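Subject: Structure handover

Hello,

My notes on it follow below.

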Amino acid sequence: MKWRLMAAFIAVTLLMLLVQDVPLSRYLRTVERDRIITSLERDAFVLAGRSEEALESAIADDDSGLAALARTYRDSGGARVVIVNTAGTAIATSDDDQSSIGNDYASRPEITGALGGQIMSGSRYSDTLQVQLLYVTVPVFSGDEVYGAVRLTYPEQVVDDAVNDQIRMLGIVALTTVLLAGIVGYIFSTSVTRRLKLLKDATERLSSGDLSARADESSGAPELRSLSRSFNIMAERLDTLLQEQRRFAADASHQLRTPLTALRLKLERAGSLVSTDPAGAAVRLAAAEAEADRLGTIVEGLLLLSRTEGRSTTLVTVDLAEIARERVEQWQALAQESAVTIRYDGPLTASISAVSTAAEQILDNYVDNALSVSPGNTTIIVRVTTKVPAARVDRPGRHHGPALPVTVTVQLEVLDEGPGLNVEDCSRAFDRFWRARSDSAGSGLGLAIVAQLAKASRATVALVPRGTGGLAASATFTAARPAREGATERAEPQGLRDGSGHR
């Protein structure tokens, strides 16, 4: 990849140079040609001015002076000079042997045009010299009359040589640019491929089983940093899933070993008593059935806990007050069998953000635990309250700047009058398989599932001993939105409504 990037840099640079230098070389040729023609026209007019007197008087003795003038110009500028009279006959040239003096130049189109009073310039092929020539021919005026013409010719190869010198300079610049592009491409491609190689090494370490492999997110191009972050999120997610899988397997093997052993012993004992003590065998079978039910409860709890852990969840808006009233109504029959009163205490509505069904499962676990420990003739209260940070409350008449966003929370509480727990046990109650007593019913997974559901819902849970006895089991959710625009939902003062609508 490094070499491909370098080749791409160089190819783009070459393309840009070609697009720029080809038109530029043509432009330079045109500019150089125009420059020489302009210079020749200027010099031709100077020579015409000096030749005017000699041509006007037609003094033959001045021809040698014109020839010397033509040679002097040739030596300084390099152009060939031919001076003709009105008949088109050469009276002076810049040639050393002056053999062309007396030749008839009237057939040359540039001479004919100049003797007609025009300034002639251009290029043509010289059959005599076998080269392409640039020429400039100007008339020699005296007043309004033309007494002759001055022609300057210049080899076009000189123009080509001058342009080629400039093109060679452009080529050197272009070559330098290509080399610099190659160096920059090498540095850039090395930087990019080095980051990609580090990411590849991290991927290979992760694939070989090193779950601690992470990519560097602190350097490199923004796209590479983003890719590294995505890789690290994936690696963290994979590490979490594998740890949860191992923990699940360890928990399952540990917790299922005891009931499976007990079930096997009870079945073996029942089998040995079938022929001698049918009643005893029936008792053992009933105990085995209860142990199987407990085993099923543990398996279901483990599966539910596994489904709730490490999963990306979507929060939805639900009405916690409505859910609490419905669940209290559903638990009424079981509570009456235990001679326990259960009631709802809270507002009519309280919208929260939570995982779907999380509020119902948390509330059912709390109520189930409360019923299991509540003695007869006691009350279980399911309470919902909305809490607003005190900093949001403004004093009347005081002007404040723009209100800072605050987090409004909604708390669900289940208050019982059972034996309760001490502070240490309350802090351990949400651990997996923890039970207050080893002989108590249950799998020890209920509160662990509650904690996991609350974590997925961005909520917090707690158990707090009540001063009058019993426990206060709570879950605090984030409110979905304020009750109305510009105001914040607050808990009702002067008591809260219960499920029947009374305060």
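The protein exposes about 28400 Å², and carbon and sulfur atoms supply 55% of that area. Accessible areas come from the Shrake-Rupley method with a 1.4 Å probe, and for residues only the protein chains shown count as cover.

Some ground rules. This is a predicted model: local features need pLDDT of at least 70, side-chain atom pairs count only at pLDDT 80 or more, and totals for chains, interfaces and linings use all residues. Residues are numbered from 1 along each chain as its sequence is written, and side-chain values use heavy atoms, with hydrogens and water left out.

Overall picture. The protein has ten helices and twelve strands. These are DSSP runs numbered from the N terminus (helices: H or I, at least four residues; strands: E, at least two). Of the 503 residues, 37% count as buried (under 20% relative accessible area; exposed is over 50%, partly exposed in between; 1.4 Å probe, protein chains only). Take contacts (heavy atoms within 4.5 Å) between residues at least 6 apart in sequence: 66% of them join residues at least 24 apart.

Helix pair. H7 (residues 320-337) packs against H8 (residues 358-373) at an angle of about 35°, with the axes 10 Å apart. Axes are lines fitted to C-alpha atoms, for helices over the stretch in contact; angles run from 0 to 180 degrees between N-to-C directions. From H7, the residues that meet H8 include Leu320, Ile323, Trp331 and Leu334. Among their H8 counterparts are Leu363, Val367 and Leu371. By class, this contact of H7 with H8 has ten nonpolar, no polar and four charged residues (nonpolar: Ala, Val, Leu, Ile, Met, Phe, Trp, Tyr, Cys and Pro; charged: Asp, Glu, Lys and Arg; polar: the others, Gly among them).

Salt bridges. The count is ten, where a salt bridge is a side-chain nitrogen of Lys or Arg within 4 Å of a carboxyl oxygen of Asp or Glu. Arg327 and Asp364 form one, at 3.0 Å from N to O. Arg327 lies in H7 and Asp364 in H8, so the pair ties together parts 37 residues apart in sequence. Arg327 is partly exposed, at 22% relative accessibility.

Glu236 pairs with Arg214, the closest N and O atoms being 2.9 Å apart. Glu236 is in helix H5 (residues 222-273) and Arg214 in the loop between H4 (156-207) and H5, so this bridge ties together parts 22 residues apart in sequence. Asp43 bridges to Arg42 at 3.5 Å between the closest N and O atoms. Asp43 counts as buried, at 17% relative accessibility.

Best regards
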